[in-house]
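Good morning, and thank you for the time on today's agenda.

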Amino acid sequence: MSKQTRVSHPRYSLLPTEVEGFDSLAELALDMRWSWNHYADEVWRQLDPELWELTQNPWVVLQTVSRAQIERMSADPAFRKKVDALVQTRRQAAEAPAWFQQHTPNLH
């Protein structure tokens, strides 16, 4: 999955941050757009279908799902490809000019 700075805050010390792909999942889970844009719902549903249906909260799923499940899913090339594509889309959207910047380029 993508190469980014590892999650190193003490709050995350109990999470499996050394598992390949965890950082990408954390990046998606902490993206607040999930509350209105459901583009990554399938990722969380694949990690833990019951918990996803119960909470609809990616961060809760990521904190609760077993390390073995994260490792198993991260080893699946189709899952990794989906996560990588979602992370790339998220980063592109974050870097793109917002509506205001696009429609009022002369205001500073």
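The term pLDDT stands for the predictor's confidence in each residue, on a scale from 0 to 100. It is needed here since what you see is a predicted model. The chain has a mean pLDDT of 83, and 81% of its residues reach 70 or more. One stretch calls for caution: over residues 1-7 the pLDDT stays under 50. For those residues the model has 25 contacts beyond four places in sequence.

Let me now describe the overall architecture. The chain has seven helices and zero strands, so the order of elements from the N terminus reads α-α-α-α-α-α-α. Of the 108 residues, 36% are buried. Among contacts between residues at least 6 apart in sequence, 53% join residues at least 24 apart. The accessible surface comes to about 7,000 Å², and carbon and sulfur atoms account for 56% of that surface.

The largest nonpolar core has 21 residues. Which of them touch the most other members? They are Leu25, Val43, Trp44, Leu47, Leu62, Phe79 and Val83. Helices H1, H2, H3, H4, H5 and H6 each supply at least two residues of this core, and H1 gives the most, with five residues.

Helix H5, residues 67-74, deserves a moment of its own. Its buried residues are Gln69, Ile70, Met73 and Ser74. As a general point, an α-helix has 3.6 residues a turn, so residues three or four places apart point the same way. As for partners, the buried residues of H5 pack against helix H1 (22-29), helix H2 (41-47), helix H4 (58-64) and helix H6 (77-95).

The last topic is charge. In general, side chains of opposite charge can pair when their charged atoms come close. The structure holds six salt bridges, and I shall present three of them.

In one of these, Arg91 pairs with Glu27, with the closest N and O atoms 2.7 Å apart. Because Arg91 lies in helix H6 and Glu27 in helix H1, this pair ties together parts that are 64 residues apart in sequence. Are these two residues buried or exposed? Arg91 is buried, at a relative accessible area of 16%, and Glu27 likewise counts as buried, at 15% relative accessibility.

Another salt bridge joins Asp31 to Arg33, where the closest N and O atoms are 3.0 Å apart. Here Asp31 is buried, with 10% relative accessibility, whereas Arg33 is partly exposed, at 21%. Since the cut-off for buried is under 20% relative accessible area, Arg33 at 21% does not count as buried.

The remaining example is Glu53 with Arg45, for which the closest N and O atoms are 3.2 Å apart. Glu53 is partly exposed, with a relative accessible area of 48%, and Arg45 is also partly exposed, at 28%.

Thank you for your attention.

Terms used. Residues are numbered from 1 along each chain as its sequence is written. This is a predicted model: local features need pLDDT of at least 70, side-chain atom pairs count only at pLDDT 80 or more; totals for chains, interfaces and linings use all residues. Side-chain values use heavy atoms; hydrogens and water are left out. Buried means under 20% relative accessible area, exposed over 50%, partly exposed in between (1.4 Å probe, protein chains only). Helices (H or I, at least four residues) and strands (E, at least two) are DSSP runs, numbered from the N terminus. Contact means heavy atoms within 4.5 Å. A nonpolar core is a set of buried Ala, Val, Leu, Ile, Met, Phe, Trp, Tyr and Cys residues joined through side-chain atoms within 4.5 Å. A salt bridge is a side-chain nitrogen of Lys or Arg within 4 Å of a carboxyl oxygen of Asp or Glu. Accessible areas come from the Shrake-Rupley method with a 1.4 Å probe; for residues, only the protein chains shown count as cover.
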